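Q: Hi, I'm new to this one. Could you walk me through it?

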Amino acid sequence: MDGVVENTLYIPLAARAYVTKHFPEFFKDETSAMLDERVPTSVKEGSNEYTMMASVCRYHITDEMEREFASRHPDRCNIIHIGTGLETAYIRLEDVDAHFYDMDLPDVIELRKSLLPKKDNETIIAGDMFDLSWTEGIDEKVPTMILALGVFQYFEEDRIIDLVGRLKERFPGSELVFDATNSKGVKYTNKYIHKTGNTAAEIHMAVDNPREFADKTGTDLLEVKTFYEDARRVLGKKLTLYTRIAMKVVDDSGRARVFRLSL
């Protein structure tokens, strides 16, 4: 498994472990904390408080979205994580009455099997997100929320628009949650990536106007959340000055947001 894949897999895990240790009042993930020793040293050395919080804040937001969705469908619902990596929501959200479908590429799924416990509320699926054969066996009549966290930005917009359209056909009436940066954020991120020499990790898709993106995909925009509003409110000066300033700049500029659409 190359370094690019390794980083995209382990950075969120390391971040969840870090925040669980340092800021449990904001976010707690004991499973990730227990696996922290499995995270490559290079991943930890390349991170700081801000980058750890950047990764975790989206999970803080989407955990609440998943809870809210399940509360509206108490009889039965599905929650699908596309590009799941080492996501642990099916364990974190043990209070949520839902069935979790976690899908990713075959080599990622093999690593996932070796690290994370199997539970009755989860089905893991190996596949390519653009080939919807991975959706076979998922009942489209069951209320469904689909999440793609840290995934869409690595692809060109036209491919994602096409994918969203096909997901809409497959799961009509479902909800789609994803995170994305704006155009300035894409330039800033790729500038940093070029400095590290890790050009294979460039991001491509930006969302500047959420409503325009919803129109392009024929979906309804339900919600837009900035990454750091809750973290800034809950943690305040427990965070370093640099982290607080960076969070405010990103929130004020809309550089990183979570979007929720109705398909």
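A: Happy to! This is a predicted model, where local features need pLDDT of at least 70 and side-chain atom pairs count only at pLDDT 80 or more, while totals for chains, interfaces and linings use all residues. Residues are numbered from 1 along each chain as its sequence is written, and side-chain values use heavy atoms, with hydrogens and water left out.

Q: Let's start with H9. Which of its residues are buried?

A: In helix H9, residues 210-217, the buried ones are Pro 210, Phe 213, Ala 214 and Thr 217. Buried means under 20% relative accessible area, exposed over 50%, and partly exposed in between (1.4 Å probe, protein chains only). Helices (H or I, at least four residues) and strands (E, at least two) are DSSP runs, numbered from the N terminus.

Q: Why do they line one face of the helix?

A: Looking down the axis of H9, its buried residues fall within an arc of 100°, so they line one face. That arc is taken from the directions from the helix axis to the C-beta atoms.

Q: And what's on the other side of H9?

A: Arg 211 and Asp 215 are there, and they are exposed.

Q: What covers the buried residues of H9?

A: The cover includes helix H7 (157-170), plus strands E5 (175-181), E6 (220-226) and E7 (256-262). Contact here means heavy atoms within 4.5 Å.

Q: What happens just after H9?

A: Gly 218 takes a positive phi of about 65° there.

Q: Switching topic: how many salt bridges does the structure hold?

A: There are 23. A salt bridge is a side-chain nitrogen of Lys or Arg within 4 Å of a carboxyl oxygen of Asp or Glu.

Q: Which residue does Lys 238 pair with?

A: Its salt bridge is with Glu 25, and the closest N and O atoms are 2.8 Å apart. Lys 238 lies in the loop between helices H10 (229-235) and H11 (241-253), and Glu 25 in the loop between helices H1 (3-22) and H2 (30-34), so the pair ties together parts that are 213 residues apart in sequence.

Q: Is Lys 238 buried or exposed?

A: Lys 238 counts as exposed, because its relative accessibility is 53%. Glu 25, at 40%, counts as partly exposed.

Q: What about Asp 251?

A: Asp 251 forms a salt bridge with Arg 232, with the closest N and O atoms 3.1 Å apart. Asp 251 sits in helix H11 and Arg 232 in helix H10, 19 residues apart. Asp 251 is buried at 8% relative accessibility.
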